[in-house]
Every structure is written in C-alpha cells, then in structure tokens.
There are 4 protein chains.
Amino acid sequence: LIKKIKYGLVGSTGRLGREVAEVFSENDHELVFDYSIEGETRKEIPELIIDCSLPQVLPKTIAFIEEFKVPLIIATTGLSESDFARLKSISAKLPVVQSYNYSIGIQVLLKLTEMAKEKLNGWDIEITESHHRFKKDKPSGTAKMISNVLGKKVNISSLRLGNVPGDHTIAFGALGEVLSISHRALSRRTFAEGIYKTAEFIITKKSGFYSFNDVLA
Amino acid sequence: LIKKIKYGLVGSTGRLGREVAEVFSENDHELVFDYSIEGETRKEIPELIIDCSLPQVLPKTIAFIEEFKVPLIIATTGLSESDFARLKSISAKLPVVQSYNYSIGIQVLLKLTEMAKEKLNGWDIEITESHHRFKKDKPSGTAKMISNVLGKKVNISSLRLGNVPGDHTIAFGALGEVLSISHRALSRRTFAEGIYKTAEFIITKKSGFYSFNDVLA
Amino acid sequence: LIKKIKYGLVGSTGRLGREVAEVFSENDHELVFDYSIEGETRKEIPELIIDCSLPQVLPKTIAFIEEFKVPLIIATTGLSESDFARLKSISAKLPVVQSYNYSIGIQVLLKLTEMAKEKLNGWDIEITESHHRFKKDKPSGTAKMISNVLGKKVNISSLRLGNVPGDHTIAFGALGEVLSISHRALSRRTFAEGIYKTAEFIITKKSGFYSFNDVLA
Amino acid sequence: LIKKIKYGLVGSTGRLGREVAEVFSENDHELVFDYSIEGETRKEIPELIIDCSLPQVLPKTIAFIEEFKVPLIIATTGLSESDFARLKSISAKLPVVQSYNYSIGIQVLLKLTEMAKEKLNGWDIEITESHHRFKKDKPSGTAKMISNVLGKKVNISSLRLGNVPGDHTIAFGALGEVLSISHRALSRRTFAEGIYKTAEFIITKKSGFYSFNDVLA
C-alpha cells in the first residue's frame, strides 16, 4: 500500500531496535542507515530516522536528522527535560514524533485514565509497572506518561521480572471499592508495529512535534 | 443534613438487606415497614421502599408501592424482561430507581467500557465476574449491565469463591496487547451506601424511571 | 465447645482490636481488661492478653502479662529486633504467640513460597502488598514474613488504596514465564478469627514462643 | 554440549511447531523429517519425533514412530482417553513423553496446587485459563492437568483473547480469604525450550511413558 521507505535506525542492536528492523523488513522497507554500539553503516541517505536507543545517544541522533534533513521517530525512554527541549526546538524545522510507548492500548489507557481521574476525585491512586530484568530506566517512560495525565505526584511501583514485555496498572481506591485499568504488552512486536504506523504518518509531514496519539487520530 | 426518612425494606434478612438497614440506622433513618421470608412488619406507612430481595418477590413489592404511593429503589438482580416492563409501567406514576449495582466505581467502569469499546474496535472481549458462593444468579446483574454497554453478545465467565463481595473485569485483547478494566467491591457496605445516596435522590421525585447513573449525575 | 474466656485486649479501639472484640463477644467470651489510647479498664484479671496495637505499646503489654502471669497473643506489626528479643525472653516464663498475620491462607502461602523458592532457583522475585490508606507501617509485616521465607533481600512494592484489608503477591519471573502466588483478605474478620483460634491454643500452654503456624499444626 | 540431533516434526506449520523448529535450529539440530498439512518431507530417518499437531493426526504419528523405531515427544492437546491408551501401549516398545504443557513453571504450579489442595480442604476452587483466539480446544490441556491434580470436578473458565500465549490461575476461596496460584507464559518459545530439554532426555531412553515432570526430575 505505502511506498518502500529507505529508513535509518539508531539503536539497531537493542531489543526494540531488532523488532523494528524485523517489522520493517517484512514490509519491504530498506534499512539504509544504521547506528549502534557496533558502529555506523551508511548505505544511503535515509528518508527518516527511528531512534530506539538510550538518552545519551540523543545529541548524535539530532546531528543525523539535521545533516539528512529528515523526520525523526523517537522511542527512547528516560529523556530529561533538556532532551525534550532539544527535540521541541528541532521540531520547528523537522517533524518529530515522540512517545514512550507506541502501542494502541496504552493510548486508550491514557484516555481512560483521564476520564477516571475526573470521576474519581479524592480516591487514592497507585501506578504499577512490570518489565523485563534488562530494562535500564525505572520507573518506565509509560508510567511517567500515566503520571503526567493524572497531573499530580503518584506512587509508582516498579517490578522487574524475567522478560515481561511491559505491564502497567493504575488503581483507584476508595473506602469500599477499587477500580483499575491495566495494559499488558504480549510482545515487543506491538511497539514495533506502532512505530511502523508512525513512519507512514511522519513521512508526509514538514515539521512539528507529534505524539503517537496524533498518529492514531 | 437530610431529614430523617421513614423507609420500608423488602428482603431485610438478606445479605444486602442487612447492610442497608445498618447504614440507614447509622444515619438515623427509621425502618417502619419490613417484608422478608420471616413475614411482614408494618409500624407506619413508609416514605419509600427499597427492595433487595429476589425477582419472584417483585409483584409483592409493586403492590406495596401502589398501596403506599411511594418511590421504589430496586436492587434485586436477575430481573426478566417482563419484570423490567412492569417497573417501567409503574414508573409513569411513581419514581423508580433500578440498578444491578449501586457502587460509584461500577458506574465509572461502565463509562470507561463504553469509551474502550469505541476505540478498540475488532478486539476480542471477555467479561469475568467473581462472587460469594451464596449468590443465586449467574452471571451477575452487573456483568449483564457491562454486556449491555458493549452492545453485543460477549462471553461471561462466572467464578464463585468464598464470600467475595463482587469483582468484575472486562478484558480487550488484540494480537500483541491486552487492555482490561476491573472493579472490586471491598464490602457489601459500598452498595448499601449507594442505595442510601439514591434514597436522598428519589424522595423528591414525582415519577420516572431512573438509573444509579442519574443519581450520581 | 471451649469454656468462656475472660480476656484482655490492648489496642481495643484500633481496626483489628474492634474486630477481635466482636468475634470474641459473638463466642460469649468476656472482655475484662482493656487498654487503649482512651485509657485502661480493669474489671478482672484476664486469663490471656491480646495485643493489636502499635510497637511502642509493647513494654506496657509485657508489664501487663508479667503482672497477671498470663499468655500473650501479639498481632502488632512493625516490631523491631529488640522487640522480638523481649518477647522471646518473656516466653521462657509465659506462652507467647507472635504472628504478623493470623489468616490460614497466609500460612499456606508461606509454605507454597518455600516450595516455589526451592524449585525456581535463579528466577527473579518480586513481592507486592496492598493495604488500606490508614496502615501505619510499610512494608507490611506479612511482606516481611514472606521475605524471611525467601531468605534473601527481595524488592517489596507497597500500595495504599482505600480500605483494602490486605493483598499479598509473590511473583517469580524467568525468561519466558511468570509464576505467582497471591493472597487476598476479604475482611479483617479473618484475622480476628485466627486470633480466636490462637486463644484456644495458647490458654493451655505453660510457656514458649509460638507462631500461628504452630496453632494450625 | 549435546550431540547434533536429526529430528522429525509433525505439525511443523503450526504455532508451536514453528517455535520448536526455531529453537532446535538455533541449537544446530537438523530437521530431517517433516509432516504437516502441507505434506511430508523425508530427507533422512529421524532420531526422534516431536508432535505439535492435532489429536486427529495421532494415528499417523504412531505409524511414523513404529516405522522408524524412535522416541516420541507429544505436545498435542485435546487427547481422548483412547489416544492416551494408544500412547501407553506403544510406550512398552518405544519411549514416549507426553505433556499438555512443557514449561517449568506449570510443573511447579501443579506441585503447589497439590500442596494447597491438601491444606485448604473445603475451600471453593476455580480454574481460569486465557489463550489466543486461534486455540482450537477448550478448556486448555493444562487446565485439565490442574483439574486432575485436584482430583475432583472443578469449574474451568476459558477466555480467548488476542494472542495470549497462555495464562492459568487456580483460586481457592473461603469465607474471609482467597489464595491463588497463577502462571503466565510470556511466549510460546518457553514451551519449545521445554521440548528441547525433553529431546535431550528421551534420546537415551529405550521405552516407557514419561511426563515432563520426569524430564525435570
């Protein structure tokens, strides 16, 4: 349906990076630029760059998109406020999609959380997230997104268990009842497919700072 | 805050009936009419009637409110379509509030379910409910309410365990992720408190068929 | 079945204390000694003392049992190592039952945890506990008991939600699977009933330091 | 560590079959015999046969192992009593490992269930299982294994959601508490790795009917 994309991938050797490469390859897109701890491979100038690496790589990624003048999809978690400032600044010139979670279900969970927050005023709130033992940041970026929607400081419990792809729960508790909203990723492939959808979206944009929610809208 | 209510209770010896009597008594309301398997006690004409009994008692309850010309709060589960027809017919003359669940959280869960249903088109849906071993109907009235919101036939799993007051979960599943919304009643008192709120609402009405959602609005 | 017990209660105004008084009263036992933040009531010398208060009250409780020469059932959580030392010391002369949790299910959960620990060597372990917003200690005493069974330092996540009586989960995670064992108290009455069973057990003992597991054996 | 195995696979195009082929290939074993809905491929006589297909294929599989005189690992679910009889009969001559679930965690769950059953006499029991929407049998073979351990008829709730690899829960409920034991497969690869372990076990055996528990012992 969509044309073949020549894309670049930062963090291609990581867990998510490998899934992204697989999903894009199955859809006949071509990896023409690759940057990871194993070095840089530059076959052609990419039409867009996807970053699934770590926050410390961000300056390098920004240098790449400035050089190539192409859109950026950033899936790195654990970004600082100054990282966000840099991404927003570059988005005046080039399109940037940033999300800590590229699954449809998490976007719906965020909307449900917003609705629940309004209706359950005064209830206690607890966020819990479980991820694989290799995850570097704590709490997860998605837990921070949920916390942002709640608009106040909420206790976040972080569990690290085997290779759990990612579970998130927001629980609201009153004297007499508990309401909770949960999301469970069944595999990292889900996130790679969301990034794939995002590529189709961003490739036609000129500039601007977008969320995955904009992609789905 | 609100004036002392002289109320009637149908099903006063049941689990929920006893909780209702306790909550109303703590708030200085007076039980003046009582109908249960142990017989009828009529001290005074009640200002409203609460029915926490079983579907087969409904004709008796309707006879009472027609005799007394008072509002009805009905919390009985397992009602048939003809039961609903009778309640709606009487509501042309007298105010009736009907709900299978008088907790705030379940009302919010129903709204969240409606939103999720719209956004997760094509996902598999499963409803699960757990209740105490003494519960007579299966599936629970609340599970039926959730099913109605979904607007289509959905598989409902019913568990009967010890004296669980009432758990409900709706799970939406896709290839890659599961989103779920859960409610857990911590005690039956929650429902009695919802019925208490409903009494404050219904006592000023002249006629009409209301849901617990109308009470909370 | 068992004879009427004249018992003493330390912490009679607390959540658990009130449940204990109710269960004992339903079984025709008599509260003859009562110590709480509201003061001391001494009708008669009790045959045993139950302490459901706070760690800071322990010296007072020990003084009582030394004065009366009677058994102690201690249900206080958050005890320090020196508190335990004091209890063990007094148990040379008088019988003491100590547990952070007087439910049957938690005793079984501890045994299952022990078995799982042996068979799932090298798996990640996470403990989660949820309790009512009024709970003073964190993590719960029961979570500490679970941690002790595991015999090593384990991450404990503590959630505080409405008036949840007490949930505990131990999750074991490997690359490919997660096994978990969970307990949920449906009401505080469960604990009061366990304390009641313990009273029947301890009243015949001369001295010694016992766990609730000894009571059930 | 172990020598290169030339193996045969029945049901090679199914979900589990593909995972098995991948795990064996990563470990340098060679698929020399392949039977599926797409036909039969016979490069060499295999040293053992793995069947991940459907019950109706069993006669064919038995014919293969009788022809080749090799061990069988059977992972097919939904077997009938006569299927079991046939497998046991052939196991007098050739080694057979049969399990409805080749994960370590499920073996531990079965042992925990056995212990819990003994200690929680008289408690209500409920089994729940969730699997992907493509699963053909209901309830799952693993749920039946759990039911067998319990030694009595227990209600089993079956949920079908997206591509959930496999969740199982046994809940025990009393008046006051609920204890539950849960297992969640994070991917089908877990089962393929269990089958791989089983291959190392069975290749040295002469005859006999074995369970996956025997493999792990």
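Me: Hi! Which side chain does the side chain of H131(C) make a polar contact with?
Reply: Hello! The partner is the side chain of E129(C), and the two are 2.7 Å apart. Keep in mind as we go that this is a predicted model.

Me: Good to know. Where is H131(C) found?
Reply: H131(C) belongs to strand β7 of chain C, which covers residues 124–131.

Me: And is H131(C) buried or exposed?
Reply: H131(C) is buried, because its relative accessibility is 7% and the cut-off for buried is under 20%.

Me: What does H131(C) touch, leaving out residues up to four places away in sequence?
Reply: Its contacts there are S140(C), L159(C), R160(C), L161(C), V164(C), P165(C), G166(C) and H168(C).

Me: Let's change topic to the chains. How can chain D be laid on chain C?
Reply: A turn of 180° does it, with a shift of 0.0 Å along the axis, and the RMSD is 0.0 Å. That is how a two-fold axis relates its copies. The copies also use the same surface, since 97% of the contact residues of chain D recur in chain C.

Me: Which residue of chain D comes closest to the rotation axis?
Reply: That is I181(D), whose C-alpha is 2.3 Å from the axis.

Me: What about chain A and chain B, what rotation superposes them?
Reply: For that pair, a rotation of 180° with 0.0 Å of shift along the axis puts chain A on chain B, at an RMSD of 0.0 Å. In chain A, the residue closest to the axis is I181(A), again taken at the C-alpha, at 2.3 Å. Here 100% of the interface residues of chain A are interface residues in chain B too, so the two copies meet through the same surface.

Me: How many residues does each of those two put into the contact?
Reply: Chain A gives 29 residues and chain B gives 29 residues. Together they bury about 2,200 Å², with 66% of that on carbon and sulfur atoms. On the chain A side, L112(A), E177(A) and L179(A) supply 24% of the area buried against chain B, more than any other three residues.

Me: And what do chain D and chain C bury between them?
Reply: They bury about 2,200 Å², of which 65% is on carbon and sulfur atoms. The contact draws 29 residues from chain D and 28 residues from chain C. Within chain D, the three residues that supply more than any other three are L112(D), E177(D) and L179(D), with 24% of the area that chain D buries against chain C.

Me: Back to strands. In which sense do β2 and β3 of chain D pair?
Reply: They are antiparallel, with four bridges between β2 (residues 30–36) and β3 (residues 39–42). A hairpin of two residues joins β2(D) to β3(D).

Me: Which residue is the bridge partner of F33(D)?
Reply: F33(D) has R42(D) in β3(D) as its bridge partner.

Me: What separates S36(B) from C52(B)?
Reply: Along the chain they are 16 residues apart, and their C-alpha atoms are separated by 9.8 Å.

Me: Speaking of cysteines, how many disulfides does the structure hold?
Reply: There are zero disulfides over all chains. As for individual cysteines, C52(C) is buried with a relative accessible area of 10%, and C52(D) is buried at 12%.

Me: Which residues does a cis peptide bond join in chain B?
Reply: K138(B) and P139(B) are joined that way, with omega about 0°. P139(B) sits in the loop between β7 (124–131) and α5 (141–150). In chain C, a cis peptide bond joins K138(C) and P139(C), and P139(C) is in the loop between β7 and α5 of that chain.

Me: Last one: what is phi of K69(C) near?
Reply: Phi is near 55° there, a positive value in a residue other than glycine. Most residues other than glycine have a negative phi. K69(C) lies in the loop between α2 (58–68) and β5 (72–74) of chain C, and K69(C) is exposed, with a relative accessible area of 61%.

Note on methods
Residues numbered from 1 in each chain as written. Chains lettered and ligands numbered in written order. Predicted model: local features only at pLDDT ≥ 70, side-chain atom pairs only at ≥ 80, totals over all residues. Heavy atoms only, no water. Least-squares fit on C-alpha atoms with pLDDT ≥ 70 in both. Contact = heavy atoms within 4.5 Å. Pairing = 2+ DSSP bridges. Buried < 20%, exposed > 50% of the residue type's maximum accessible area, 1.4 Å probe, protein only. Polar contact = N/O pair within 3.5 Å; in protein donor to acceptor, adjacent residues only side chain to side chain. Disulfide = S-S within 2.5 Å. Buried area = accessible area lost by both parts, 1.4 Å probe.
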